Each structure stands twice: as structure tokens, then as C-alpha cells.
Amino acid sequence: MSQDIVVVGAGIVGISSALELRRQGHRVRVLDRKGVAAETSQGNAGAFAFTDVMPLAAPGILRKAPKWLLDPLGPLTIPPRYALQIAPWMLRFWRASWQDRHDASIRAQAALMTLAREALERQIAQTGGEALIRREGQLQLYEGEAQYRAALPGWDLRGRHGIRYDLLTRPEEIAEIQPGLAPRFTHAGFTPDWINTTDPKAWTEHLAAAFRQGGGEILRAEVRDLAPEEGGVRITHAEGEIIADRVVLAAGAWSHHLASRLGDRIPLETERGYNTTLPPGAFDVRTHLTFGAHGFVVTRINGGVRVGGAVELGGLNLPPNYRRAEVLLDKAARFLPGLDTTGGRQWMGFRPSLPDTLPVIGASQRAERVIYAFGHGHLGLTQSAATAELVSDLVARRDSALPLAPYRPDRF
């Protein structure tokens, strides 16, 4: 096929989409202002979180809003100076938390996760990527009987959507999977099918290398404008212009700015996530550890340990508050008494988030030759291979593996 496609964005979603489109026979070029995995795709926890089907917008969550504003270092916060700017997004978030929308989001998320699991295995096999994959499961940890009991409905829901898990109610059961935890963690849920990559940056670079080897092209260029014209899309970037037959917009937290150039108003906000990566030897992490009540995870990255998470709804322009990373590391030291917290490297990334926790996957309402693939929140790595297959279906105008209505760009 001689169809020219430009993918805007060289993060994990953009690279995965470009790779799949090239595999389907299209001529594909990727444009990114900084290069492959230069933003959020390089510093995340490296988790393919297929069990994470619960949306952030849950019934009753807005009752906690005053606490978010009062605790700038809590697991979910809104900086006071950003509160007015984010108010329209929060209204949509509140509507998404109503029971009917919440239940619909879970169904759509679970369907996308099923495809994501299958698509990832295809991607691993097609690119020879097994060496970059760890299949060690995940422990969701609870402090005491009450916290554990409160989580049981969520585990029951996961089971109804086909997610395998084991509930652990004895400390020795937990220690068998992950030694060295503080005794305060008395209960846990273990998901054996959870998968991690050894390094999210290396995984994205691996896929980019496969894309290039297959004849794809990746250029560093800051895209400034998209404009439909007869028979194509005009792309204006820092060095000039390109005319493409189709465009895939997968620029993460910056995507809505380009979508607005086409006239689409998509309510994308930014979950700013913080982490600290400790050098090899910091702790013997044997599985992905999730401290849900505290909003962070501990995972192994390239032999080292990455401690990170939390949600700060603060947009793209406020300066980072690295005190949040320090708080998470302090907690990790209490929860893992043997953790060596010296020599760490701090990082902050922008997760592109929509009010209902679902991504946008579909054609622009104003320019049908532009396909949107962004807004995955903290699930971009998890859902990247599935998004790539769905984007390929949209380009080919063939039926997709699942209904795309829940992810359509105009659903808000």
C-alpha cells in the first residue's frame, strides 16, 4: 500500500501505532519534538496493569475533594492555584462518577484490557521482545482486616471480568511471594497474570527499532498545527510542512492542544506522577508491589527499584513539587524496612487523563483523516498495543475487535 501516514508522538502509544501500521503495509513517519520515549513513556512504573479496570471517578469520590486541597502531599491532590482552571474538568469528572457512567466505564475498560493483554502478546512475539518482559505478578497490599474487607467488592468485580487473583490472609502467604514487608501489611490480593517490562524506556526503544527496521521513519520535529485540506492533512512543524493522507495524533498530554486546532474541544487534563529510581541492590523486589491506600507502587526497573505514583492534577505548566516524591520514598522505607533509599533519581511525568478514565480512540469530528489515540492516563503502556490495533482498524476502515463508541472523541 502506498498510503502515507504521519504519527504525531513518539511515546509508547505513538510508536506502537506506527509499528502496527507499518506492519500492515502503510508508509509511516513519526514526528516528535524530543524523540522516542523522551516524556512520560520513559519514567513510568513499567507495568502492564491489565487488572486495573476501576476508574478514578468512583461514586462518592468528590466527598474527598476538600481533603485533596488541604493535603498537598496526599495521594490525590489539586494544587490550590490550579483549582479554578480545572473546575470544568472536575464537573465532568463528577458526572463520570455517577453510578451509571461508572459502571459503563468499567465495562469499556475491561473490554479494552482484554484486547490489550492479547495484543501485547502478539507484539512481544512479532518483535522478539520477551527478554524485556517480566511475568512476576502483582501484590495489592492491605493494612488490617477492615481495609481488606473494604476492598473485597473490587476483587469480586475483577473476577466477574475474567481476572485471575488469589486473596492472601496470612502474613506467611504474603512473605512467600515478597519477603521483607513491614508486619503492618496483613492481607493482600495477588494477580499472577500481571506483567511488567524491565524498563519502559527500553521497551519503547525496542519497538521503535523494530519500526525502523521495517522501513519506518522517526524525525524530531515539533508539530505546531494540523489543518485538513482536500485529500489529506497539512502538518505544520518547526522545520516546515508535510502533507499526509492520514494523521494519528498520539502526543499524550499535549494532544488536546493540536486537537483544538482542528476545532475539537477534548477535556484532557494532566495527572502529574512522581517517582524516585534507586540503584541496583536497594531492595530485593520480587513482584510489583501496590500500596493502594497510599497511592503508590514499588517495582523493579533495570535491577534498581522505582518508587512512585500519586496523582497531582496540576496541568503542564506548574513547577514540579518533588516533595511528593520524597514523601513516597519515606513511606516506602517504612513499608520495606530493608530498603536503601540513598542514591535515588527523582522524576515527574505527565499522564494525559480524561474525566471517565477512558482514552480517546477515534476520528476527529472536524477532520475524518485525523485519528486520535490519547488520554490513557496511567494506562498508556498497558493499553498501547491494543490502541495500535484499533488505530490500524480505523485507518483500514474495517470492523474493530471491540465497539469503539465508549472511546469516541465527542462523548463529552
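Reader: Is A244 buried or exposed?

Author: A244 is buried, because its relative accessible area is 3% (buried is under 20%, exposed over 50%, partly exposed in between, with a 1.4 Å probe and protein chains only). This is a predicted model, in which local features need pLDDT of at least 70 and side-chain atom pairs pLDDT of 80 or more, while totals for chains, interfaces and linings use all residues. Residues are numbered from 1 along each chain as its sequence is written, and side-chain values use heavy atoms, without hydrogens or water.

A244 belongs to strand β13, residues 240–244 (strands of at least two E residues and helices of at least four H or I residues are DSSP runs, numbered from the N terminus). Leaving out residues up to four places away in sequence, A244 touches D4, V6, G232, V233 and I235 (contact means heavy atoms within 4.5 Å). From A244 to P228 there are 16 residues along the sequence, and their C-alpha atoms are 9.7 Å apart.

A310 is another buried residue, since its relative accessible area is 7%. A310 sits in strand β18, residues 304–313. Its phi is near 65°, which is positive although A310 is not a glycine. Most residues other than glycine have a negative phi. R397 also has a positive phi, about 55°, without being a glycine. R397 lies in the segment after α10 (380–396). In contrast to the buried A310, R397 counts as exposed because its relative accessibility is 61%.

P59 falls between these two classes: its relative accessible area is 40%, so P59 is partly exposed. P59 is found in the loop between β3 (47–48) and α2 (65–70). Setting aside neighbours within four places in sequence, P59 is in contact with S97, Q99 and H102. The C-alpha atoms of P59 and A401 are separated by 30 Å, and the two residues are 342 places apart along the chain.

Helix α4 covers residues 99–127. Its 29 residues should span 42 Å at 1.5 Å a residue, and because its end C-alpha atoms are 41 Å apart, the two values agree (the expected span is 1.5 Å times one less than the number of residues). Just after α4 comes G128, with a positive phi of about 60°.

Next come two pairs of packed helices. The axes of α4 and α7 are 11 Å apart, at an angle of about 60° (axes are lines fitted to C-alpha atoms, for helices over the stretch in contact, with angles from 0 to 180 degrees between N-to-C directions). That angle makes α4 oblique to α7 (under 35 degrees is roughly parallel, over 145 roughly antiparallel, 65 to 115 roughly perpendicular, the rest oblique). In α4, L120, Q123, I124 and T127 meet W203, H206, L207 and A210 of α7. Five residues of this contact are nonpolar, three are polar and none is charged (Ala, Val, Leu, Ile, Met, Phe, Trp, Tyr, Cys and Pro are nonpolar, Asp, Glu, Lys and Arg charged, the others, Gly among them, polar).

Helix α7, residues 200–213, also packs with helix α1, residues 12–23, at an angle of about 25° and with axes 9 Å apart. That makes α1 roughly parallel to α7. On the α1 side the residues are I12, I15, S16, A18, L19 and R22, and they meet W203, T204, L207, A208, A210 and F211 in α7. By class, the contact of α1 with α7 holds nine nonpolar, two polar and one charged residues.
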